[in-house]
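Colleague: I would like to learn how to read the packing of a helical model, one feature at a time. Could you take me through it slowly?

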Amino acid sequence: MLSRLFAPKVTVSAHCDLPCGVYDPAQARIEAESVKAVQEKMAGNDDPHFQTRATVIKEQRAELAKHHVSVLWSDYFKPPHFEKYPELHQLVNDTLKALSAAKGSTDPATGQKALDYIAQIDKIFWETKKA
């Protein structure tokens, strides 16, 4: 009796967690741009307090970028996308690795590498939105 009382009345399905339009690689790009900007600022400032604060901010932003890329991979991209873009799994993995490298580095080149990978994901993402 209780199971019937709490049973769903309507069954729905979707190809993503929410109606499309909530996912965007721009979120990852913005965070990765912050990582690179912090790395550039760190090169021009030797103050230990600044360096400590900048490191914390850089690491937080890199984690947020990794989160946004991971959400795209796990929640937005679906089997048809992976079939059409077989490089997508490796691209996401490379992007996450690049963001980890940027997180642990003060070299803006590592931040730029992460941005370059995110740009590739962005291109594929918008191609999937056209389909």
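This is a predicted model: local features need pLDDT of at least 70, side-chain atom pairs count only at pLDDT 80 or more; totals for chains, interfaces and linings use all residues.

Colleague: How many helices and strands does the protein have?

Modeller: Helices (H or I, at least four residues) and strands (E, at least two) are DSSP runs numbered from the N terminus. Here there are six helices and zero strands, giving the pattern α-α-α-α-α-α along the sequence. Of the 131 residues, 33% count as buried, where buried means under 20% relative accessible area, exposed over 50% and partly exposed in between, with a 1.4 Å probe and protein chains only.

Colleague: How should I read a pair of aromatic rings?

Modeller: A pair of aromatic rings is described by the distance of the centres and the angle of the planes. Rings of Phe, Tyr and Trp (its six-membered ring) pair if their centres lie within 6.5 Å, and planes under 30 degrees apart count as stacked, over 60 as edge-to-face and the rest as tilted. The structure holds five aromatic pairs. In one of them, the rings of Tyr76 and Phe125 have centres 4.7 Å apart and planes at 50°, so this pair is tilted. The pair joins distant parts of the chain, with Tyr76 in helix H3 (residues 48–76) and Phe125 in helix H6 (residues 108–130), 49 residues apart. Ring pairs also link Tyr23, Tyr76, Phe77, Phe82, Phe125 and Trp126 into a cluster.

Colleague: Are those two residues, Tyr76 and Phe125, buried or exposed?

Modeller: Tyr76 is buried, with a relative accessible area of 3%, and Phe125 is buried as well, at 0%.

Colleague: At what angle do the axes of H3 and H6 cross?

Modeller: Axes are lines fitted to C-alpha atoms, for helices over the stretch in contact, and angles run from 0 to 180 degrees between N-to-C directions. The axes of H3 and H6 come within 12 Å and cross at roughly 30°. H3 and H6 are therefore roughly parallel (under 35 degrees; over 145 is roughly antiparallel, 65 to 115 roughly perpendicular and the rest oblique). Contact means heavy atoms within 4.5 Å, and this one is made by Val69, Leu72 and Tyr76 of H3 with Ile118, Ile121, Phe125, Thr128 and Lys129 of H6.

Colleague: And at what angle do H5 and H6 pack?

Modeller: The angle between H5 and H6 is about 155°, with their axes 8 Å apart, and that makes H5 roughly antiparallel to H6. The residues in their contact divide into 12 nonpolar, four polar and two charged, with Ala, Val, Leu, Ile, Met, Phe, Trp, Tyr, Cys and Pro counted as nonpolar, Asp, Glu, Lys and Arg as charged, and the others, Gly among them, as polar.

Colleague: Which residues does leucine 88 touch?

Modeller: Leu88, in helix H5 (residues 88–103), touches Phe77, His81, Phe82 and Ile124, not counting residues up to four places away in sequence. The C-alpha atoms of Leu88 and Phe77, 11 residues apart along the chain, are separated by 9.0 Å. Leu88 is buried, with a relative accessible area of 0%.

Notes
Residues are numbered from 1 along each chain as its sequence is written. Side-chain values use heavy atoms; hydrogens and water are left out.
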